[in-house]
Amino acid sequence: MSKLEKIEKYVAGHKEEKLVKLAQDRDQEVRLAAIAGLGKVGKDDGFNLLIPLLSDGDSQLRAASAKALGELGNEHATAHLTYRPEHETDAEVPPPSRRPWPPCTTRQSDWHLNQKARGRE
């Protein structure tokens with residue numbers, strides 16, 4: 001069984017610890033697939049691995065971790081995703097206006113509306 005096939009199996013079985021290990025593999029394709037899997041599993045160890053990847057030197061890893069964090073949908077992930085696009089300098093990781101960054105949660109959208117109503121945004 002290939003590593004990519006194992007990733008599919010680990011995602012289906014919610015084997016976060018196995019995905020975390022494969023997200024650090026030497027093979028870029030394996031890493032990207034494991035990162036995507038972590039977005040579907042949605043646990044703490046995966047979140048803790050994905051956050052530093054937002055600042056990784058590799059733009060593909062940054063983009064994959066942003067997408068995975070968006071799929072997690074927790075408020076901590078949303079906070080990081082709100083901050084990160086403003087500080088992205090690599091043209092290969094386009095800003096949200098050109099790239100579909102993970103969608104805002106309803107809670108985050110409501111927060112922005114409340115800030116506008118209060119004149120704070």
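Reader: Thanks! Which residues of H4 are buried?
Author: In this predicted model, the buried residues of H4 are Gly46, Phe47, Leu49, Leu50, Ile51 and Leu53.

Reader: And what covers them?
Author: The cover over the buried residues of H4 includes H2, H3, H5 and H6.

Reader: Let's take H5 from that list. At what angle do H4 and H5 pack?
Author: The angle is about 140°, and the two axes are 8 Å apart. The crossing of H4 and H5 is left-handed.

Reader: Which residues meet there?
Author: From H4 you have Phe47, Leu50, Ile51 and Leu53, and on the H5 side they meet Leu61, Arg62, Ser65, Ala68, Leu69 and Leu72. Sorted by class, the contact of H4 with H5 has 8 nonpolar, 1 polar and 1 charged residues.

Reader: Nice. Now H3 and H5: how do their axes cross?
Author: Helix H3, residues 28–41, and helix H5, residues 59–72, have axes that come within 7 Å and cross at roughly 15°. H3 is therefore roughly parallel to H5. H3 passes H5 in a right-handed crossing, whereas the crossing of H4 and H5 is left-handed.

Reader: Who meets whom in that pair?
Author: H3 brings Gln28, Arg31, Leu32, Ile35, Ala36, Leu38, Gly39 and Lys40, and these meet Gln60, Leu61, Ala64, Ser65, Ala68, Glu71 and Leu72 in H5. The residues of this contact divide into 8 nonpolar, 4 polar and 3 charged.

Reader: OK, on to the core. How many residues are in the largest nonpolar one?
Author: That core has 26 residues, and the ones with the most contacts inside it are Ile7, Leu19, Ile35, Leu38, Leu50 and Leu69. The elements giving two or more residues to this core are helix H1 (3–12), helix H2 (16–22), H3, helix H4 (44–53), H5 and helix H6 (75–83).

Reader: Which one gives the most?
Author: H5 does, with 6 residues.

Reader: You mentioned Leu19. What does Leu19 touch?
Author: Leaving out residues up to four places away in sequence, Leu19 touches Ile7, Tyr10, Val11, Ala34, Gly37, Leu38 and Val41. Among those partners, Ile7 and Leu38 are also listed with the most contacts inside the core.

Reader: Changing topic: what about His80, where does it sit?
Author: His80 lies in helix H6. His80 counts as partly exposed because its relative accessibility is 32%, between the 20% and 50% cut-offs.

Reader: What does His80 touch?
Author: Not counting residues up to four places away in sequence, His80 touches Phe47, Ile51 and Leu54. Phe47 and Ile51 are among the buried residues of H4. His80 and Leu54 are 26 residues apart in sequence, with their C-alpha atoms 8.6 Å apart.

Reader: Let's zoom out. How many helices and strands are there?
Author: The protein has 7 helices and 0 strands. Of its 121 residues, 40% count as buried.

Reader: And how many of the contacts join residues at least 24 apart?
Author: Among contacts between residues at least 6 apart in sequence, 53% join residues at least 24 apart.

Notes
Residues numbered from 1 in each chain as written. Predicted model: local features only at pLDDT ≥ 70, side-chain atom pairs only at ≥ 80, totals over all residues. Heavy atoms only, no water. Axes fitted to C-alpha atoms, helices over the stretch in contact; angles between N-to-C directions. Helix = DSSP H or I, 4+ residues; strand = E, 2+ residues; numbered from the N terminus. Parallel < 35°, antiparallel > 145°, perpendicular 65-115°, else oblique. Left-handed = near helix turned anticlockwise from the far one by under 90°. Contact = heavy atoms within 4.5 Å. Nonpolar A, V, L, I, M, F, W, Y, C, P; charged D, E, K, R; others polar. Core = buried A, V, L, I, M, F, W, Y, C linked by side-chain atoms within 4.5 Å. Buried < 20%, exposed > 50% of the residue type's maximum accessible area, 1.4 Å probe, protein only.
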